[in-house]
Amino acid sequence: MAHPRKQFGQHWLRSEKALHSIVKAADLQEGDRVLEIGPGTGALTEFLLQTPASVTAIEIDRDLCPKLVARFGKNERFLLLQGDILEMDLGAFLPPASYPNKVVANIPYNITGPILDRVLGTIAQPTNPPFNSLVLLVQKEVAQRITAKPGSRIYGALSVHCQYLAECDWICDVVAKSFFPPPKVDSAVVRLRPRPYPDPAEQPQWFSTLVRLGFQSRRKMLRNNFKSIVEPDRLTVILEEIDVNPQARAEELGVADWVALSRRLTPAAAS
Ligand code: SAH
């Protein structure tokens, strides 16, 4: 087996149970086209190819590519591209009809944020065209943040960002010893299903800026956090109008509350 490289965040998943859960969560049907980020030695690829879906895999490590080709190259539903997911223009390799509609990946943890920006996008610029679903094996703490509900200690800007852009579900825990070598932290599988937010913000960039600012000092009341952009008394009125406790901290506002706040507290009203 290939010796795992730290620089590429390589941890081979060895739990059949976890592999099954990942593939099941992706609900792969005839016609589905999966983008797999970082196939590594192919543990997940093998399971993906047992479904009717086709798989385009992008692997950065050149040394792994010949092995992947030897293992799966004969399968006409498999395509391997060597390169960096953060740099690659998939459209340059694939005609629109075979562009992936789902992402399934055990991703390198050191680039989780940039990968999310790539496959989910930002509030101001969601990935276009959107993927149908993203099933990702991530660090447990990131999974908790992605799926956190308002009021919880771990609910933050990432939670609002992901939940604004997608339905986010916790799929399962994956303990560190399910990998070789085991990473320092436990992991979990999450599923994000991008969709337009039902009651979208009119100014997504402003909405995103507000959320970030609100969570900058999460222990502070919003009244104090937003002092630089709005008079605390004025914010009290706005919060009451949108049915939010004027003493609230950022972590108490659900996604819909943030959207409502971004409407009342417009950049013009703020200045
Ligand atoms: N899917 C495999 C390997 C997961 S480890 C398994 O579950 O066992 C993460 C994989 O992502 C490694 O194979 C690593 O080489 C690859 N990788 C790391 N950075 C990458 C990047 N920027 N683009 C594409 N692949 C990357």
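The sulfur of Cys168 lies 5.3 Å from the closest cysteine sulfur, that of Cys162, which is too far for a bond. The structure holds 0 disulfides, a disulfide being a pair of cysteine sulfur atoms within 2.5 Å. This is a predicted model, in which local features need pLDDT of at least 70 and side-chain atom pairs count only at pLDDT 80 or more, while totals for chains, interfaces and linings use all residues. Residues are numbered from 1 along each chain as its sequence is written, and side-chain values use heavy atoms, with hydrogens and water left out. A search of the whole structure finds 6 aromatic pairs, and the count of salt bridges comes to 14.

**Cysteines**

- Cys168 counts as buried, at 13% relative accessibility; buried means under 20% relative accessible area, exposed means over 50%, and partly exposed is in between (1.4 Å probe, protein chains only).
- For Cys172, the closest cysteine sulfur is in Cys168, 16 Å away, and this is too far for a bond.
- Cys172 is also a buried residue, with a relative accessible area of 15%.

**Aromatic pairs**

- A pair of aromatic rings is described by the distance of the centres and the angle of the planes.
- Rings of Phe, Tyr and Trp (its six-membered ring) pair if their centres lie within 6.5 Å; planes under 30 degrees apart count as stacked, over 60 as edge-to-face and the rest as tilted.
- Among the 6 aromatic pairs found in the whole structure is that of Tyr99 and Phe131, with ring centres 6.4 Å apart and planes at 20°, so this pair is stacked.
- Tyr99 lies in the loop between β4 (78-82) and β5 (102-106), and Phe131 in the loop between α4 (112-119) and β6 (133-139), so the pair ties together parts that are 32 residues apart in sequence.
- Helices (H or I, at least four residues) and strands (E, at least two) are DSSP runs, numbered from the N terminus.
- Tyr99 is partly exposed at 22% relative accessibility, whereas Phe131 is buried with a relative accessible area of 4%.
- The ring centres of Tyr155 and Phe215 are 5.9 Å apart and the planes stand at 75°, so this pair is edge-to-face.
- Tyr155 sits in the loop between α5 (140-147) and α6 (157-165), and Phe215 in the loop between α7 (204-214) and α8 (222-225); the pair links distant parts of the chain, 60 residues apart.
- Tyr155 is buried, with a relative accessible area of 0%, and Phe215 is buried with 9%.
- Together with Trp258, the residues Tyr155 and Phe215 form one aromatic cluster.

**Salt bridges**

- Side chains of opposite charge can pair when their charged atoms come close.
- A salt bridge is a side-chain nitrogen of Lys or Arg within 4 Å of a carboxyl oxygen of Asp or Glu, and by this rule there are 14.
- One of them joins the side chains of Asp63 and Arg5, at 2.6 Å from N to O.
- That pair links distant parts of the chain, 58 residues apart: Asp63 is in the loop between β3 (54-59) and α3 (65-72), and Arg5 is in the segment before β1 (12-13).
- Asp63 is partly exposed with a relative accessible area of 44%, and Arg5 counts as partly exposed at 30% relative accessibility.
- Asp199 forms a salt bridge with Arg263, and their closest N and O atoms are 2.9 Å apart.
- Asp199 lies in the loop between β9 (187-194) and α7, and Arg263 in helix α10 (residues 255-264), so the pair ties together parts that are 64 residues apart in sequence.
- Asp199 counts as partly exposed at 41% relative accessibility, and Arg263 is partly exposed with a relative accessible area of 29%.
- Glu241 and Arg264 form a salt bridge, with the closest N and O atoms 2.6 Å apart.
- Glu241 belongs to helix α9 (residues 232-241) and Arg264 to helix α10, and this pair links distant parts of the chain, 23 residues apart.
- Glu241 counts as partly exposed at 44% relative accessibility, as does Arg264 at 38%.

**Ile229**

- Ile229 is found in the loop between α8 and α9 and counts as buried, at 18% relative accessibility.
- The C-alpha atoms of Ile229 and Pro267 are separated by 8.4 Å, and these residues are 38 residues apart along the chain.
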